[in-house]
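Please read these notes with the model open beside you. Take the points in order and find each element as it comes up.

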Amino acid sequence: MDVLLIKGGRPLTGRIRISGAKNSALPLMAASLLCPGTHHISNVPVLKDVQTMASLLESMGAVWSLRDSRLQLDTSDIRHQQAPYELVRTMRASVLVLGPLLARFGHAEVSLPGGCAIGARPINLHLEGLKRMGARIELDSGYIKARAGRLKGTEIYLDIPTVTGTENLMMAAVLAEGVTKIENAAKEPEVADLADALNKMGARIKGAGTDVIEIEGVESLRPMNHEVIPDRIETGTYITAVAITQGEAVIEKTRPEHLEAVIAKLRETGVDIRVSGDSLLVKGVSRPLPSDVKTMPYPGFPTDMQAQFMALMTIASGTSVIRENIFENRFMHVAELRRLGADISVEGSVATVKGVDRLKGAPVMATDLRASASLVIAALVAEGETSIHRVYHLDRGYERMEEKLRALGAEVERKRL
Ligand code: EPZ
């Protein structure tokens, strides 16, 4: 088990480059199941979750290689359509293979993902949508067993704009007979990126990025050749890290228009953020102003930035109220931030953060991906040394984080316990 040791108090300065978006790379990899041949995906982040998805596809018969962020995936010889519990339980995004497998093979056996640290995270909307498209779905000893002839286009209204639900149904619909209309669809940039890649494969998708997506089924597709969009959550994480340390840095190769809500809220706290093409110039503040936040579906403030924003608010010059509207248990970082001296009280889905003058380093434990990012941000400003345990959570979603932080002047090292 690795631990990250961080000595706080150093301002982050310099330039870093943002990696490809994890939550775009994963559905794109699943989409490679939709047609045989060799698919090329570039700007793929080297992350644990990408490795897990590649291993899942390989277990089905795919052949892959990843070099310098360029992923090649040959899915000509998919011998079976199972996604076993051992893999799915380590990464819920494995459920994204369901739609493509049904679309191409008419059969899929995918382990139910089960819950995770941040919530129960059911996939009922994925399954109801597939049923409406003609799939027969049964749940048997923890597995989703799905069968279908050719899926049929239909109208689907999503009670909640589920991101991977929208992606699963969009992938299922591209080879269906007729037109599928998904209403109240998720509008995240990663959904639009997937639609962009699918259209380049020959699909006919309109409206991705809005709340109504129309997919006209086609007979067949050709292999993908696509570059993954930059990671907006990684971008927001580094803006916050530079801000809390009163640093000054250039964050390159990102898409500022994908994180307007995050930039707006951080500007409210006094952080100086200038947009220049695909770069952001960030200047920190001596003491951030308090600011309230409500997490919402895109384009609202993303739940994946809630923990990082809270870390910044722990040293604000007043009280901030943070309401988590997406997941029912996404405050696991609060107890750990308290160990660093933060003054936070939680009432249901609302956290009240009273800014303190300073944080003090201590041993803390990561509980989920974004909670671990929040602890890194707090540790960068805490006095003394912080040791962050269970850092494998961080490796799932952040490429070479300690290298990028060291390049900005942070005192951080990874130790094997
Ligand atoms: C995606 O998860 C992201 N993961 C998450 O990022 C992100 O936090 C989340 O969207 C919200 O933006 C990937 O894209 C791989 P949802 P997803 O379905 O699709 C409920 C990270 O840190 N719901 O949009 O699983 C659900 O319980 C990860 O990178 C149902 O009730 O999220 C939740 O309350 C964490 N039934 C809400 O909807 C369903 O069938 C939003 O979930 C589906 C979802």
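1. Helix packing. An axis here is a line fitted to C-alpha atoms, for helices over the stretch in contact, and angles run from 0 to 180 degrees between N-to-C directions. Helices (H or I, at least four residues) and strands (E, at least two) are DSSP runs, numbered from the N terminus. Helix α8 (residues 232-244) packs with helix α10 (residues 306-313) at an angle of about 5°, and their axes are 10 Å apart. That makes α8 roughly parallel to α10 (angles under 35 degrees count as roughly parallel, over 145 as roughly antiparallel, 65 to 115 as roughly perpendicular and the rest as oblique). This is a predicted model: local features need pLDDT of at least 70, side-chain atom pairs count only at pLDDT 80 or more, and totals for chains, interfaces and linings use all residues. Residues are numbered from 1 along each chain as its sequence is written, and side-chain values use heavy atoms, with hydrogens and water left out.

2. Who meets whom? Contact means heavy atoms within 4.5 Å. From α8 come Ile233, Thr237, Thr240, Ala243 and Ile244; they meet Gln308, Ala311 and Leu312 in α10. By class, this contact has five nonpolar, three polar and no charged residues. Ala, Val, Leu, Ile, Met, Phe, Trp, Tyr, Cys and Pro count as nonpolar; Asp, Glu, Lys and Arg count as charged; the others, Gly among them, count as polar.

3. Strand β19. Which side chains of β19 (residues 319-323) are buried? Ser320 and Ile322 are, and they point to one face. Buried means under 20% relative accessible area, exposed over 50%, partly exposed in between (1.4 Å probe, protein chains only).

4. Neighbours of β19. Two strands pair if DSSP finds at least two bridges between them. Strand β18 (residues 293-294) pairs with β19 in the parallel sense over two bridges. Val293 has Ile322 of β19 as its bridge partner. Strand β21 (residues 350-354) pairs with β19 in the antiparallel sense over five bridges. There, Val321 stands opposite Thr352.

5. A crossover. β18, α10 and β19 make a right-handed β-α-β unit. Right-handed means that, with the strands pointing away from the viewer, the path from the first strand over the helix to the second runs clockwise. β10, α6 and β11 make a right-handed unit too.

6. Strand β11. The side chains of β11 (residues 179-183) alternate. Three bridges join β11 to β10 in parallel. Five bridges join β11 to strand β13 (residues 212-216), and these run antiparallel. Thr180 stands opposite Ile215 in β13.

7. An open sheet. Four strands line up as β4-β5-β3-β14, with mixed pairing. β4 (63-67) and β14 (225-227) stand at the edges, each with a single partner strand, so one side of each is left without a neighbour in the sheet. The twist averages 15° from one strand to the next. β4 and β5 (residues 70-74) run antiparallel, joined by five bridges. Leu71 in β5 is the bridge partner of Leu66.

8. A buried alanine. Ala379 lies in helix α12 (residues 369-381). Its relative accessible area is 0%, so Ala379 is buried. Leaving out residues up to four places away in sequence, Ala379 touches Ile6, Lys7, Gly8 and Thr386.
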